[in-house]
Amino acid sequence: MLGLKLPTDPRWVNIVEQNIAEILTDHAFCEQKAASNAISLIVWYPELTDLVKEMTALVQEEMSHFSMVHGKIIQRGWQLGKERKDQYVNDLLKFIRTGSHKRNIVLVDRLLFSALIEARSCERFRLLSENIQDEELRIFYHELMVSEAGHYTTFIKLAKKYSEDMDTESRLKEWLEYESEIIKKYGVKETMHG
Ligand SMILES: [Fe+2]
Ligand SMILES: [Fe+2]
C-alpha cells in the first residue's frame with residue numbers, strides 16, 4: 001500500500017482491541033503531531049508559497065481529526081491521556097539528512113519523512129477499518145484512511161516540486177527500504193505505530 005514494502009501483521013488489530021482507550025489517546029496525539037510538523041515546515045520554509053498554502057490547509061485538517069478522535073474519547077466517558085512516545089517516528093527521523101546538506105536536500109527528506117508517516121498511518125487505519133469489531137470505529141477509520149492517503153500524495157507532490165536537481169524517486173525508494181527495516185520491530189503494541 002502506497003509503496004510500503006512490509007504489511008502490518010493483522011494480529012496488531014487484536015492487540016489494539018484489548019485497549020481502545022490507549023489507541024485513541026495515542027491516535028489523538030498522532031493527529032496533533034502531524035499538525036505540529038506541518039507548522040514547523042511553515043516556520044522553516046516561509047518563502048515557499050505553495051508549501052505554506054498546502055501546510056496551512058493540512059494543519060486545519062489534522063486538528064479536525066484531533067477533534068474527532070477527542071470526541072470519540074469523551075463520548076466513551078474517558079478523557080485524553082498523556083502523549084505516548086512514538087519510537088517508530090523517532091526511528092524514521094534519523095534518516096533525514098541534516099547538518100551541512102543543501103537546503104533542498106533537507107527539505108525533500110523532511111517531506112518524504114512526512115509522506116511515509118502518512119502512508120504507514122493510512123495502512124494502519126485500513127487494517128482497523130477492515131478488522132476492528134467496533135462498527136462505529138470501522139467507519140471512522142475508513143474515512144480517516146482516505147484523508148491520510150490524500151496527505152501522502154500532497155507530501156510527495158511537494159517533494160518533487162522542490163527537489164531541484166535531486167532525484168526524488170530514487171530517494172523515495174531509499175526511504176521505503178529504510179522504513180521496511182525499522183517497521184519489523186513494530187506491530188506489537190496498542191499504539192498507532194507501535
Ligand atoms: Fe490526520
Ligand atoms: Fe495526515
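This is a predicted model: local features need pLDDT of at least 70, side-chain atom pairs count only at pLDDT 80 or more; totals for chains, interfaces and linings use all residues.
## Getting started

A residue is called buried when its relative accessible area is under 20%, exposed when over 50%, and partly exposed in between, using a 1.4 Å probe and protein chains only.

Residues are numbered from 1 along each chain as its sequence is written, chains are lettered from A and ligands numbered from 1 in the order in which they are written, and side-chain values use heavy atoms, leaving out hydrogens and water.

## The two iron ions

Let's look at the metals. Donors here are N, O and S atoms within 2.8 Å of the metal (3.2 Å for Na, K and Ca); water is not among the atoms, so sites may look incomplete. The iron ion (ligand 1) is held by E31 (OE), E62 (OE), H65 (ND1) and E148 (OE), at 2.0 to 2.2 Å. Its 4 donor atoms make angles of 88 to 140°, and the site is irregular. That label follows from the cut-offs: four donors are tetrahedral if all angles lie between 85 and 135 degrees; four are square planar and six octahedral if opposite donors are over 155 degrees apart and all others between 65 and 115; anything else is irregular. E31 in helix α2 and H65 in helix α3 (residues 49-75) are 34 residues apart, so this pair links distant parts of the chain. Helices are DSSP runs (H or I, at least four residues), numbered from the N terminus.

E62 bridges the two iron ions, which lie 3.5 Å apart. E148 and H151 sit 3 residues apart in helix α6 (residues 135-161), about one turn of the helix, and both are buried.

## The nonpolar cores

A nonpolar core is a set of buried Ala, Val, Leu, Ile, Met, Phe, Trp, Tyr and Cys residues joined through side-chain atoms within 4.5 Å. The largest has 38 residues, of which L51, L92 and L111 touch the most other members. Helix α5 gives the largest share of this core, 11 residues.

Contact means heavy atoms within 4.5 Å. Leaving aside neighbours within four places in sequence, L51 is in contact with residues including L41, L107 and Y162. Apart from this core lies another, of 22 residues, among them A28 and C122.

Technical notes. Helices (H or I, at least four residues) and strands (E, at least two) are DSSP runs, numbered from the N terminus.
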